Amino acid sequence: MGKLSILFLLATFVVCISSASLKSPPVFEGKLRYDNYKVYKLNIKNKTQLAVIELIQDISERYNVWKEYDEATKEIHIMVKPTEDKYFHELLQVYGLQWELLVENVQDLIDEEQRAADTTTDNDEFGWTRYYELEDIEKWLDGILAAHPDVTESFEIGKSYEGRTIRGIKISHKDGNPGIFIESNIHAREWITSASATWFINELLTSKDGPVVNLAENYDWYIIPVFNVDGFVYSHLKDRMWRKTRQPVKTSSCIGTDANRNFDSHWMENGGASNNPCSETYAGPEAFSEPEAKALADYVTSIQDKINIYISFHSYGQYLLSPYGHTKEEFPENYEDLLTIGTAFSGAIKGLAYNTEYTHGSTAVVLYVASGSTVDWVFNELNVKVGYTIEFRDKGRYGFVLPPLQILPNCQELMAGMLALVDKSKELGYV
């Protein structure tokens with residue numbers, strides 16, 4: 001079936017939608033709600049089915065893709081507005097799409113997440129049994145810097161579109177250490193990333209475990225807990241499902257860019273990002289259009305001779321993804337080494353009591369083509385030859401709204417994986 005035929009059939013669904021369904025989610029107490037929004041897992045069997053889903057996600061704000069299509073699982077996870085559910089099921093039936101309900105009511109997950117935050121008070125210490133807002137994270141970071149002045153220092157990479165400072169912490173016990181850079185929460189709704197980043201910082205500074213002490217003392221760490229500060233604040237105060245930056249787009253009423261598609265490395269190549277400002281993977285009007293992306297690129301460039309490993313924290317899916325993201329036809333010269341390191345990382349996590357499985361390999365092969373990412377830019381342009389995107393828990397049962405009870409297990413898996421990743425990188429001569 002041709003693309004025009006698909007569009008024509010889709011139009012029959014669109015015209016049936018009432019004007020009320022075109023509105024944004026209702027606002028209560030300043031926050032968007034997702035009552036009765038459902039998340040479906042779709043099993044894609046052919047190109048026509050894939051084209052249909054790609055079209056509805058691109059022409060409408062009524063469907064929000066949580067997990068993009070990948071060749072390995074041939075799955076898409078998509079959140080559907082309740083007023084669209086009837087038409088969505090008709091579409092599934094017409095095109096013979098197999099589906100499974102992952103989340104019955106997204107708002108239930110959000111409410112449960114909020115209850116964990118409500119049980120703590122201002123007097124409680126910062127911990128890892130709930131998620132925190134940017135102000136709380138920065139206050140905690142100030143306390144960490146004050147408590148460990150001999151081995152920590154604050155750094156700033158620049159300002160966001162809305163004028164917030166993008167902050168990081170450097171941990172260094174001695175001169176001459178190899179450097180490891182971690183950037184977290186580039187996608188606003190992925191709260192588990194900043195929670196894991198703060199826990200990881202705390203462990204590097206307080207753990208008495210021998211391997212962790214070795215990790216802390218023999219490497220310089222540059223860690224940005226919350227990179228997309230504007231989007232992160234918006235995800236807490238207004239829209240829990242917000243992903244992008246907050247800079248307006250001149251040619252559209254839609255706001256924001258996917259900062260992880262905005263870096264000037266094979267930008268917009270091979271369909272690895274969208275040119276639609278309303279898309280969750282909108283790459284921006286040009287590379288480095290986002291002040292946050294430009295600030296990170298400038299800062300990392302200024303210290304590139306000190307960086308041996310670059311890591312980007314994301315969720316969800318349980319993947320360790322290496323370059324390249326822009327093509328599945330080419331691979332880095334050291335791809336076998338990257339696979340070997342990935343095997344060590346995945347094996348270490350699998351060996352824990354949780355028995356969690358991570359898949360590793362190049363982004364384009366294991367997951368999907370994604371161009372203009374931070375990891376690919378650092379790898380290609382700065383010649384940092386060990387770079388990975390880590391996609392944390394889970395596989396879709398909770399997706400971006402990972403319950404606070406899973407923060408610590410995820411963090412423990414992160415540490416096990418990082419210990420193995422760094423050890424194998426050292427063994428192979430990269431640090």
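I'll cover ring pairs, then charges over rings, then one arginine.

First, the ground rules. This is a predicted model, where local features need pLDDT of at least 70, side-chain atom pairs count only at pLDDT 80 or more, and totals for chains, interfaces and linings use all residues. Residues are numbered from 1 along each chain as its sequence is written, and side-chain values use heavy atoms, with hydrogens and water left out.

How many aromatic pairs does a search of the whole structure find? It finds 27. Rings of Phe, Tyr and Trp (its six-membered ring) pair if their centres lie within 6.5 Å; planes under 30 degrees apart are stacked, over 60 edge-to-face, the rest tilted.

Take Trp128 and Trp140. Their ring centres are 6.1 Å apart and the planes sit at 90°, so this pair is edge-to-face. Trp128 is in the loop between α4 (106-118) and α5 (134-147), and Trp140 is in helix α5, so the pair ties together parts 12 residues apart in sequence. Helices here are DSSP runs (H or I, at least four residues), numbered from the N terminus. Both tryptophans are buried, meaning under 20% relative accessible area, with exposed over 50% and partly exposed in between (1.4 Å probe, protein chains only).

Next, a cluster. Ring pairs link Phe155, Phe181, Tyr222, Tyr299 and Tyr310.

Now charges over rings: NZ of Lys or CZ of Arg within 6 Å of the ring centre and within 35 degrees of the ring normal. Arg246 lies over the face of Trp242, 4.6 Å from the ring centre. Lys385 has its charged end over the ring of Phe379, at 4.0 Å from the centre.

Last, Arg115. Helix α4 holds Arg115. Arg115 is partly exposed, at 45% relative accessible area. Between Arg115 and Pro404 there are 9.9 Å in space, C-alpha to C-alpha, yet they are 289 residues apart in sequence.

Note on methods:
Helices (H or I, at least four residues) and strands (E, at least two) are DSSP runs, numbered from the N terminus.
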